[in-house]
Amino acid sequence: MAQAVAVSETRERKAANSARGRRAVDRLATGALWAMALFVVLLLALFVCYMFYLGAGSISWHFLTGLPSELTAGGGVGPEIFNSFYILILTLLMTVPIALAAGIFLQEYSRTGLFRETVQFSAESLATVPSIVMGLFGLLVFVQTLRWGFSALAGAVTLTLLNLPALMRVTQEALAGVPATYREASMALGGTKWQTIVRAVLPSAVGPMTTGIVLISGRIFGETAALIYTAGTSVAHGNGAYDFNPFHTAETLAVHLWYTHSEALIPDVDRIGNGSALVLLVMVLIFNVVARVVGRQLTVRLTGKG
Amino acid sequence: MSRTALAALLLGAALAAPAVASADTSLTAAGSTALLPLVKASAEAYQNQHNDLKISVTGGGSRVGITQVAAKAVDLGMSDILAKGYPDLVDHRVCVVGFSVLTHPGINVKNVSKKQLQDIFAGKITNWKDVGGADVKIVVINRPRSSGTRAVFTQTIMGDVPVSETGLTEDATGTVITAVRTTPGAISYAAFSGTKKFEGGHYTTVEGIAELSIDNVAPSEENVQTGKYPIWSYEHIYTNGVANKDESRFLAFIQSNSAIIHQLGYILFRDMKVNETDR
Amino acid sequence: MTNVRAAGKAHRTERLALIVLRGASGFFIVSIALLIGYLAVEGTKLFTVDHKSIFEFLFSPTFAPDQGHIGALAFILGSLFVTAFAIAVGGPFGVAVGVFFAELAPKRVASAMKPAIEVLVGIPSVVYGWLGLTLLVPLIRNTTGSTGFGLLAAGIVLSLMILPTVVSLSEDAMRVVPDSLREGSLALGATRWETIWRVLLPAASSGIGVAVILGIARAIGETLAIQLVLGNAPVIPAGLLSPASALTSEIVMDMGGAAQGSLLQHSLFSMAFLLLLIAMGLIVLVKLVARKAA
């Protein structure tokens, strides 16, 4: 009897102890998770600050618009910034229509079936192709076999293949977010399917779609590995530095950051590298902010709600 | 109607693009980073004088130059080595360049024998104290396979001895110099155009590195001209087929500008007292 | 009459639209088929045309195509190692932060922190590499006395790069766990941590598995961020601090100089094909994991 009481007392004490222990573990784990999350964000903040610290001294009007210097110090990255935007626009011109059309097809027309499955799987596979593998493909097919040479076009087509899947997914998600009542209302008013999509569905999908496109633009802007041997690693020096010819070699800013380092011919490689890295970072930040703001604005304007 | 117009417009644009491409003339050069400074400086000077030709010049290494000019991805392929096995490529020799063996300055070695050099690059000698220097581990810095400089170094110094790959590999002449400067115990090889600068009428080694003599022969312009110093080569620019008008113009411009050639650390053919075949 | 004509026009538009949409969708199939086909043909020439053995390619450490040696083991090991390092460090970290966002973070904190994480995704890989080169490599050089280049530097850079992928996917995975499980566990007297550890994580395990697999996919294909800090020695590294190479960095170093039809070019294509196979394998794995969960 006494024994039984003792046992139950130990049990209770044990239970009390373990409850305290469990609460301690809980607090500890919570603290650890907080610490890890804060650490990541702090790391990022440190990152950004460090890059500003490194690169701020490089940035000047001359740096942003001037011609790169071939051998001496003091060059700029004007043509490289131009080429980054130029290739971005060429890429979007090809990517957006195809990805939009495919996204509409999968989301609005073909919800099941083998064709849909195959397209979906193709897109997912395409999305995982490493960019250097795509770059090798681009070099052999577009640059060499099709004789386009190192050119803005070869770079843009390679980037198109690389970014189509992401853009298609953006379209699909945007369309999936449109309430079914929009479609039903339009159909009830006698609209055909296509009319429904164009008049009722797309306008309310434009907002999130724009957000997605701008975010992907940030990625295209910073892509490097796929461009080294497709768009090339040089710009002409003379009057042709701002060059709209899609068949001319077009080194982008991200490639320039890699290539000036790997060539190291100019004495101020670090200055150019730090400056280029900062410009790339700031562009990514701008793309991120613009994506949010424009997406929200467009949604408000085109659908009349926020 | 508007759809037809759009189609016509797109078709027109597609057809017009290559036409635009061929209407204005541009030259692209790629390849050897040993020859890169000369071609870049020449392109800059040429475009300052003439504005009818756009020239873009990039590195990559000699094999990149040969491969890409053979594939017609570029117009001019720069190389330190002969393009063997490419019957379509036409060789335009530009100048001669010497290659220094360069080290981090902290090792206290000024001279090595050819045998010692082979052992260092083969990974048999691993500390500078074994060749009379400071007690510092040797870090061998190589160029990748695409490099003609590596090919010339292997050919003239290593022979059949395999090069140890365990150190760093650097993409270009310029990065080799940066890496040697920042890595204690480092040793590598690079063209005079990267290791020397021309000031006040003569050459000096660039800051932060040291150049080694080989069997007591210093890596100097004179020693290359007389053939006493072993590591040098002809610098080639290849065109795919006979050079066209623009290519010829630019090639002639490079070859004629002996002042630039000399100042950038290259050697003129007329100053050479030996042939590559004599080496 | 006009109504009929309008209806006819609408019908034609409808048909045309469907053709265009179907065509665009088909483009995806054609692209990936061409890519796989091309790489499969070029990537196997090493074995079919040059009659080298697959065994040598996969298991020999000697890579010197100009002398007939095509062993890619050093690059394969380099890739596997940096990827494993990245997952070992970035994986748990990423999952922990994902769990934090899903279960612990107050709304205000989450909405302030999450955009920051999303910015991490957008930063170009070459910028990560540049930071590694200017910050990490000198740091490692000064503390260890090595050259600073090597697996350690590349592993750290990659850990950081896969973090956002793992964070956002594992957060999603936690969020789809039904609230009933959460409430049930808490009602039974479990602490929040016990609920997370014993109930929610197991319930979200397949989603977290997917997050980790996609993190691997991102790491294995990464090129310039690691090429800049690996040191690019084409040998099996002696340790964390020795220079190394990966499949991707080797391709970028040599692709420009690989002559058409040469052993080097065929070797690079085999490496590219291998990377593609790994990537596709991971996608199939994701599908299997997701199916098992459903």
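## Interfaces of chain C

Chain C and chain B bury about 1,600 Å² between them, with carbon and sulfur atoms giving 56% of that area. The model is a predicted one. Chain C puts 23 residues into the contact, and chain B puts in 18 residues.

Two salt bridges are counted between chain C and chain B. One links B:Arg145 to C:Asp254, with the closest N and O atoms 2.9 Å apart. Helix α11 of chain C (residues 247-254) supplies three residues, the largest share of the side of chain C that touches chain B. By class, that side of chain C holds 12 nonpolar, seven polar and four charged residues.

Seven residues of domain 1 touch seven residues of domain 2. The two domains of chain C bury about 670 Å² between them, 78% of it on carbon and sulfur atoms. Three residues, C:Leu39, C:Glu42 and C:Gly43, supply 65% of the area that domain 1 buries against domain 2, more than any other three. One residue pair is in polar contact between the domains, both at pLDDT 80 or more. The rule finds zero salt bridges there. The side of domain 1 that touches domain 2 has five nonpolar, one polar and one charged residues.

| Interface | Buried area | On carbon and sulfur |
|---|---|---|
| Chain C and chain B | about 1,600 Å² | 56% |
| Domain 1 and domain 2 of chain C | about 670 Å² | 78% |

How values were computed
Residues are numbered from 1 along each chain as its sequence is written. Chains are lettered from A and ligands numbered from 1 in the order in which they are written. This is a predicted model: local features need pLDDT of at least 70, side-chain atom pairs count only at pLDDT 80 or more; totals for chains, interfaces and linings use all residues. Side-chain values use heavy atoms; hydrogens and water are left out. Contact means heavy atoms within 4.5 Å. Buried area is the accessible area (1.4 Å probe) that two parts lose on being put together, summed over both. A salt bridge is a side-chain nitrogen of Lys or Arg within 4 Å of a carboxyl oxygen of Asp or Glu. A polar contact is a pair of N or O atoms within 3.5 Å; within protein, one must be able to donate a hydrogen and the other to accept it, and residues adjacent in sequence count only if both atoms are side-chain atoms. Ala, Val, Leu, Ile, Met, Phe, Trp, Tyr, Cys and Pro count as nonpolar, Asp, Glu, Lys and Arg as charged, and the others, Gly among them, as polar. Helices (H or I, at least four residues) and strands (E, at least two) are DSSP runs, numbered from the N terminus.
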